[in-house]
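Student: I'm new to this one. Can you walk me through it?

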Amino acid sequence: MRTAEIKRRFLAYFEADGHTVVPSAPLPAVDDPNLLFVNAGMVQFVPYLLGQRTPPYQRAASVQKCLRTPDIDEVGKTSRHGTFFQMNGNFSFGDYFKDGAITRAWDLITKPVDAGGFGLDPDRIWVTVYLDDDETAELWRTIAGVPTERIVRRGMADNYWSMGIPGPCGPNSEIYVDRGAEYGQAGGPAVDEDRYLEIWNLVFMQYERGPGTDKEDYPILGELPAKNIDTGMGLERVAALLQGVDNLYEIDEVRPILDRAVALTGVSYGAGAGHGHVASQSPPEDVRLRVVADHVRTSLMLIGDGVIPANEGRGYVLRRIVRRAVRAIRLLGWSEGPVLPELLPVARDCMSPSYPELTTDFGRIAQYAYGEEEAFLSTLRAGTTILDTAIAQTKAAGGARLAGDRAFQLHDTYGFPIDLTLEIAAEQGLAVDEEGFRRLMADQRSRAKADAQTRKTGHVDLSVYRGVLADGGEVEFTGYTEVARESRVRALLSPDGVGQAAAGEGAVVDLVLDATPFYAEGGGQQPDLGIVTVGGGELEVLDVQSPVPGLIVHRATVRRGQVRTGETGYAEIDVNRRRSVSRAHTATHLVHQTMRNFLGEAATQAGSLNAPGRLRFDFHTPGAVPPSVLRDVEQQINEVLLRDLEVRAFVTSQQQALQLGAIALFGEKYGDRVRVVEVGDYARELCGGTHAARSSQLGLVKVLHEASIGSGVRRVEALVGLDAFGYLAREHVLVSRLAELFRVPADQVADRVEQTVAALRDAEKELEQLRAQLVLGNAAGLAAGAVDVRGVGFVGTGLPAGTVSTDLRTLAQEVRGRLDPARPGVVAVTAEAGGKASLVVAVNAAARERGLSAGDLVKGALSGRGGGSPELAQGGGVPAEEAPRLLAAVRDALP
């Protein structure tokens, strides 16, 4: 049974049972600050499980794309560890509980294939339960008939589930399938988890946990608002069972990638003597082939969900995975250049039956994957040579550990990943001072990004905001239809999160209202500012944020009077600011669509800023946008403004929105109901922001410039409305003034400026030639005037102030060439520029044979500063009045 069919059957079974089928969230965990990636099927349902939001359904089913990298070093070595995987899950929010979950799971996995099930043999199924969970053990006996000897009780580390971070948790029960004696020892899951393969985890989500250090050390904070069910069936594991293969690397969505790697390298797979079916006994070649297959597929899925290679965060995880794949296949013997163009299309063909968007978006995906491989191959060539030298030096010195500063230099200067340094060093029998490396990395980060972790909400524990949300429910945003309204003060918090009953004049508070017209910063749009009047008090709103979904928090200063919780107030936004920001946001949509028109669908948004009168739009594209294209983009946008198109917003289903052609941003998580903003028939995008009413209200859009902000990401900045008019007015004044000075029409100013610049450059070259002739014209006289200093012919002279350093070197070498070659000779030349003195020293071959070095003479005169070769060296930076001392110091140093 193919993997796509297993997925289809799972969803069909639960949809027929009254579950709402929910699309997978993107791999980036955009709504959870604790996670880089979605690592479990229940992540997108956490607000429902915690009771923070009311679920729109009581039952749900999904097949969630997931990524886990803590076990990345185990990839290929076991039958069950992969970086990317898919998790089938069924969920109940206060509906059925343990008995319902067990009944449904047993029915689906044991039902015959021709009846829509998976047809697993009941006699080969084992289950585990939490140590003291007698109720679940009894349910397995009564509902499924599982005998007591195949019900295993395990501790908190194995059978008490959480995401590894504060959030929902509870005891769980896992379903295992005995694959037979050829896969390992008898005795159940506690003995051998290769033979007994876990396929489904039923989590009885009852509690909320706090922070902790491992799987067992964390506090239980209390019960959840309702008892929920969260299950996770490993799609790849079930596929391995139903397809009769040994491990997840050999299923239909992965094996073709592995086979292509075999064909490219000529290495045989599965040929290791005696390893049989057990992945942990595989030879190194098999492990590397599995790493290649797993990592290429993972790279495809990550880039498909909008992640691009970078040096931090999600982008670094992707970079590491791509580079591990490339290095693994090169260790298998591939040396013919880039390999991803051979492997990535195979991964696309494997995964597109389940994710057809991978085919339509493959051009963009391939650009980033291939570009990253090319960059890594360059890094590999340079870094490996340097690392090999460092390893050889360490071994020669009798060391067993590569210094942390060497590993840091490789990473910081050459872009050589630390994990690659660790792997290569280990292969050569050396450890790496990881602690020293991490310390240097931490020092660098703290210097460069001292405030990187300080967000708009400061360091306030998000649980404070969750508590406010739980007490009063979601805050209604009314700003789409009104700019002012009455509302009750629900909560007042100090900036560090302490609740307050009242706040007086001068206090800075976080204000929560029952309903508000203030837009909270999000989607690139800056927040509304304005005034809230409460009783006899008045607050100036300085910022608006949504620290947890459903809650809008106003950071405000009490300008006069006193504000109390429970009082009714009047909230009014700054209308002029709102209109200006809204115009910028609408302009951003037009820029996005127009960039796609000219550069193709791959030019997807990577970020934006919509501020009063200006916008910043970041987008994915592999190279610079030509100026001619920018001009065409600007012209087309302004033509749209002249068409006076209506800007309309409406709410519909996500599926319907995508069918209408609405652009959905990569990495964003959307609900079942989405808001669509369309500008006539020109642009249509999923968006929660505020906008102009018609395109003509934007007035004018002026694109300022375009530049790179990272690998494969460009940034366009533009002005909108009066700001654009003001900019053009200033440009007009400037051009008019230049036209007046050059005495030419305005349209000839650029040509005249180019001519003037060219003439100045020619004049500078002539001046350089004249200056050189003047300097060198005295070389013969200086050489003839050399004085004898202890057997050395010495020439010391100073040049006029303002002489450039190239003239100093030229003169020193010219004088040296005119000295008697049979006699040791030293030339020292100084000059003054910008209040500082420079020194150049040249020595001839006879002086070198006597042991004189230009570099030593310069450093001696400048107290260790300066440098160069033994024949020619220079330095400077001392006050100009010290120039004579420098000449004297060189003369006195002659032996």
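Here is a short chat that goes from the whole chain to single residues.

Student: What kind of model is it, and how are residues numbered?
Tutor: This is a predicted model, where local features need pLDDT of at least 70, side-chain atom pairs count only at pLDDT 80 or more, and totals for chains, interfaces and linings use all residues. Residues are numbered from 1 along each chain as its sequence is written, and side-chain values use heavy atoms, with hydrogens and water left out.

Student: What is the mean pLDDT?
Tutor: The mean for the chain is 88, and 95% of its residues reach 70 or more. Residues 448-459 have pLDDT below 50; beyond near neighbours in sequence, this stretch has 10 contacts in the model. pLDDT is the predictor's confidence in each residue, from 0 to 100. Contact means heavy atoms within 4.5 Å.

Student: How many helices and strands?
Tutor: The chain has 26 helices and 35 strands. Both are DSSP runs, numbered from the N terminus: helices are H or I with at least four residues, strands are E with at least two.

Student: What does the C-alpha trace span?
Tutor: About 115 × 80 × 50 Å along the principal axes of the chain.

Student: What share of the residues is buried?
Tutor: Of the 895 residues, 51% count as buried. Buried means under 20% relative accessible area, exposed over 50%, and partly exposed in between (1.4 Å probe, protein chains only).

Student: And what share of contacts joins residues at least 24 apart?
Tutor: That share is 68%, among contacts between residues at least 6 apart in sequence.

Student: New topic. Where does Tyr160 sit?
Tutor: Tyr160 is in strand β6, residues 160-161.

Student: Is Tyr160 buried or exposed?
Tutor: Tyr160 counts as buried because its relative accessibility is 12%.

Student: Which residues is Tyr160 in contact with?
Tutor: Leaving aside neighbours within four places in sequence, its contacts include Tyr130, Cys169, Pro171, Tyr207 and Ile220. Gly304 is 144 residues from Tyr160 along the chain, and their C-alpha atoms are separated by 33 Å.

Student: What about Pro345, where does it lie?
Tutor: Pro345 lies in helix α10, residues 340-351. Its relative accessible area is 19%, so Pro345 is buried. Not counting residues up to four places away in sequence, Pro345 touches Leu340, Phe362 and Tyr370.

Student: Which residues are buried in helix α14?
Tutor: In α14, residues 418-427, the buried ones are Ile418, Asp419, Leu420, Thr421, Ile424 and Ala425. Just after α14, Gly429 takes a positive phi of about 80°.

Student: How far does α20 reach?
Tutor: Helix α20 covers residues 722-742 and has 21 residues. From first C-alpha to last, α20 reaches 30 Å, close to the 30 Å expected at 1.5 Å a residue. The expected span is 1.5 Å times one less than the number of residues.

Student: What follows α20?
Tutor: Arg743 does, with a positive phi near 60°. Arg743 is a residue other than glycine. Arg743 is found in the loop between α20 and α21 (749-776).

Student: Is Arg743 buried or exposed?
Tutor: Arg743 is exposed, because its relative accessible area is 76%.

Student: And what is the phi of Arg790?
Tutor: Arg790 has a positive phi of about 50°, although it is not a glycine. Arg790 sits in the loop between β30 (787-789) and β31 (792-798). With a relative accessible area of 47%, Arg790 is partly exposed.
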